[in-house]
Amino acid sequence: MHIVIIGNGVAGVTAARTIRKRSDAQITIVSAESTHFFSRPALMYIYMGHMEYQHTKPYEDWFWKKNRIDLVQARVDIIDATAQSISLNNGTTLSYDALVLATGSRTSFYDWPGQNLRGVHGFTTLQDLAAIETSSVGARKAVVVGGGLIGVEAAEMLHSRGIEVTMLVRESAYWTNVFPPEESAIIGGHLVQHGIDVRYNTQLKSIEGMECVRGVTLSTGETISCNIVMICTGVKPAIDLAQQHGITTHRGIHVNEYFETSSPNIYAIGDCAEQNGIVELLWYTARAHGAHVGAVICGDRRPYVRDVFYNSAKFFDIEYQTYGTVPADLKGLESFVWQHPRKDQFLRIVHSDGMVRGFNALGLRLRADVCMQWIRDTANVDVVLRNLKQANFNEEFLAWEVAV
Amino acid sequence: MTTINIMLPKEITDRNQLPMHERIGYGMVALAALILLLGAFGGPLAAHPAIYCFLTIGLATIGGLTVILPRFTQLPGIKNNGVMTSGLTRRGLLAWMLGIAFTAFFIVLYWYPELLGQMVASVDPISWTIRGRAADRWFLYGTLYTVSVLIMGIRMLAKYRHSPYHLVRTVSVMTSQLVLAFVIPAILVRLDSHEFYFHYFWPLKPEYLFPSSLHELFSSDDKLIVFMGFWTVMMSFIAVPTLTYFFGKRWYCSWVCGCGALSETLGDPFRQNSDKSLKAWKAERWIVHGVLVFIVLTTALIWLNSFLGGELLGQWSASWSKAYGFYIGSLFSGVVGVGFYPIMGSRVWCRFGCPQAAILGLLQKWFSRFRITTNGGQCISCGNCSTYCEMGIDVRAYAQRGEDIKRASCVGCGVCATVCPRGVLKLENQ
């Protein structure tokens, strides 16, 4: 049995590892981006000089041979679902018994005039990082378009090299499609503290320049001169390959609860998959998909059931963790909110009908297992508040000052 | 016309351009080091110890603080920008130069003290003040060591001031070095008592449990010296296992120990250079436990020899322990342990050579409540924890599997938990 996985991000690699743990099948991972698996969320730290590329590899290079996982760095040109084989741009053809598409996502460009100029970058791949590195030489000023998670990472990266950053946010506050107003205000203030020029209610109209970026024009009519434009307005599933070879796609590649696509023996997981109309562009989700599809391929055919939602991020110096349901619009929900009078520490516990639904923490570390169990059990919010100390995952000596 | 291209170290080229006050500060430290070296040739400096002292220890302190104090005004948070692109912190030219300078200093100190010339005069004023006598080379070494720990300790306090754990721990190692390793031994010398280091025990100071030294302590008329005897026995056999049971080896290695004090302060800029490979871990286990076996055998032999009135081994036991002193005490802990900081990271000695760390490590692994716990599935495998582990532990390997970390070598410095951008790691005494 030969299992071929396209994409060596966390989804594909987790699938390969799961399969190896459960079976002796031949496993090949194909990626055009890199030979070895690296941590995509760590790309920003390479740019900032916290780590080198080799540090971002979660497994040493001998790991793959030892676990008999073949790595091929090449682009897949053709999927032949009838012959059950794929053709690579290096001329080789691989036949498979099961094919896993874990092609991830790519930066969404919205056809802005000038978006192909040198100095305009998305930020999802190793190649993007190399290009940004090149553009950064001698750069003084950058415009970051979009204020989501990648936008903040981009701002922090460029800022770390002494490049002035202006950030364009379409909404009237920071990340309002995810954050309730209090969280938005804290992060917005923190960005300003770090010297980021944040422009709310502002969109990109066009990018100016002859060959290289010289500046941008904003929806407000203002122009800003800059050497770098970072497109951080979101990512979209990479579905071209599937689409071209007759696999049903919509926003992502259509899969059922077993991650099976419309073609037999072809699976899709991670950012590129669409399940029940939902595309979840999340690192943690991709990892969960990988583990699940690995089990399915090895004969453990159980439907995928999504666990309690969780996510995390870091906005410059403020860590963020979230568990369960904390919508931006809290209509119909109640929340317990605590904020440190001086420090950037914040906790929100969302509840309805006395039952806990979700947590948002800024500048505080919560214990994942405890919070997720409370949410699964729909624990009473008073019980949660009384036992909040159990959810403390902060370092020692950091007073747990949450006043209840 | 010929042009000469000089390759400047990266620190002074574009990307890591230093602010003016830092250049001045580093310049002062470098000048202080040069002036210290001048004393090797005797001359007017050595004749005026007060001026010599000010132009070396004093100037280095002022220079260090010029660089460091303004950092307290920066926004708190992780400060690792450019660590991997600076030659000083990533095995560049400056790192090698510094490593060679450190190594040369240790070689001269241990084996060619005559080359130091009048350099010891630079600490004479301090020695007279607290010890009531002239300095010797070990006092020079101790003073430089303590000053390094204090100045670079202040740097740690600035760098990690958002983290209460690092503040408490750093103040602890600084205090331990200043009081237990510097002031108290100096006062003991002044009192013509027994020069004793209360924070070192067997087997880091193997001779502390040798029959001859215990005999000397316990047979003294001076109650203080008898107390030292009780102290060393009590610490080695009772306090070490008890404290390690409750807190792991960190209570010692990153809170009290003098070697740890230097690693956690002077060594901090180099911590990322430790080798994280599985190969290095294998080598570490063989070497550090080999040293432990060596010192246990040495101690046992010496006791046996003492019981048998020296008949069994004769001169042999003496040369055995002398060999230990040379290869382990001097060559390993000094030359390799500190000299190689800039190249192999700040804990070479602690990781590969220290028998105390080996014992504490075995206790920590099999008989301790201490562990680093991980937070569900929040790990993003980024690698900051492993990269900044000075002991070369691949922390991420555990974190990404959601497993607790219970490794013999972990000194509990807590940096992995601090640099984690997702709040995944926590030091706990469960």
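My entries below go from one chain to the other, then to where they meet.

**Entry 1: the model.** I noted before anything else that this is a predicted model.

**Entry 2: chain B overall.** I counted 19 helices and two strands in chain B. I then checked its radius of gyration, which is 23 Å; the globule rule gives 22 Å for 430 residues, so chain B is as compact as a globular protein of that length. Along its principal axes, the C-alpha trace of chain B spans about 75 × 65 × 40 Å. I looked up burial too, and 45% of the 430 residues of chain B count as buried. Of the contacts in chain B with a separation of 6 or more, 73% join residues 24 or more positions apart.

**Entry 3: domains of chain A.** Which domains does the assignment give for chain A? I found domain 1 (2–105 + 236–297), domain 2 (120–233) and domain 3 (310–391). The centres of domain 1 and domain 2 of chain A, taken over C-alpha atoms, are 30 Å apart. Where these two touch, eight residues of domain 1 are in contact with eleven of domain 2. On the domain 1 side, helix H2 (residues 43–47) of chain A gives the most, with four residues. I sorted that side by class and got five nonpolar, two polar and one charged residues.

**Entry 4: helix H1 of chain A.** This helix covers residues 10–22 and reaches 18 Å from its first C-alpha to its last, close to the 18 Å expected. I listed its buried residues, among them Val10(A), Ala11(A), Val13(A), Ala15(A) and Ile19(A). What do the buried residues of H1(A) pack against? I traced them to strands S1 (2–6), S2 (26–31), S3 (69–73) and S7 (98–101) and to helix H8 (283–297), in chain A.

**Entry 5: the core.** The largest nonpolar core has 205 residues, and those with the most contacts inside it include Val100(A), Ile269(A) and Cys416(B). Helix H6 (residues 137–159) of chain B brings the largest share, seven residues.

**Entry 6: where the chains meet.** How many residues does each chain put into the contact? I read 34 from chain B and 34 from chain A. On the chain B side, helix H7 (164–190), helix H17 (384–387) and strand S2 (425–429) each supply at least two residues. H7(B) gives the most, with three.

Terms used. Residues are numbered from 1 along each chain as its sequence is written. Chains are lettered from A and ligands numbered from 1 in the order in which they are written. This is a predicted model: local features need pLDDT of at least 70, side-chain atom pairs count only at pLDDT 80 or more; totals for chains, interfaces and linings use all residues. The expected span of a helix is 1.5 Å times one less than its number of residues. A residue is buried if 20 or more other C-beta atoms lie within 10 Å of its own, exposed if 12 or fewer, and partly exposed in between; C-beta atoms are placed from the backbone. Two residues are in contact if their C-beta atoms, placed from the backbone, lie within 7 Å. Domain bounds come from an automatic or database domain assignment. Ala, Val, Leu, Ile, Met, Phe, Trp, Tyr, Cys and Pro count as nonpolar, Asp, Glu, Lys and Arg as charged, and the others, Gly among them, as polar. A nonpolar core is a set of buried Ala, Val, Leu, Ile, Met, Phe, Trp, Tyr and Cys residues joined through C-beta atoms within 7 Å. The radius of gyration is taken over C-alpha atoms; the globule rule is 2.2 Å times the number of residues to the power 0.38.
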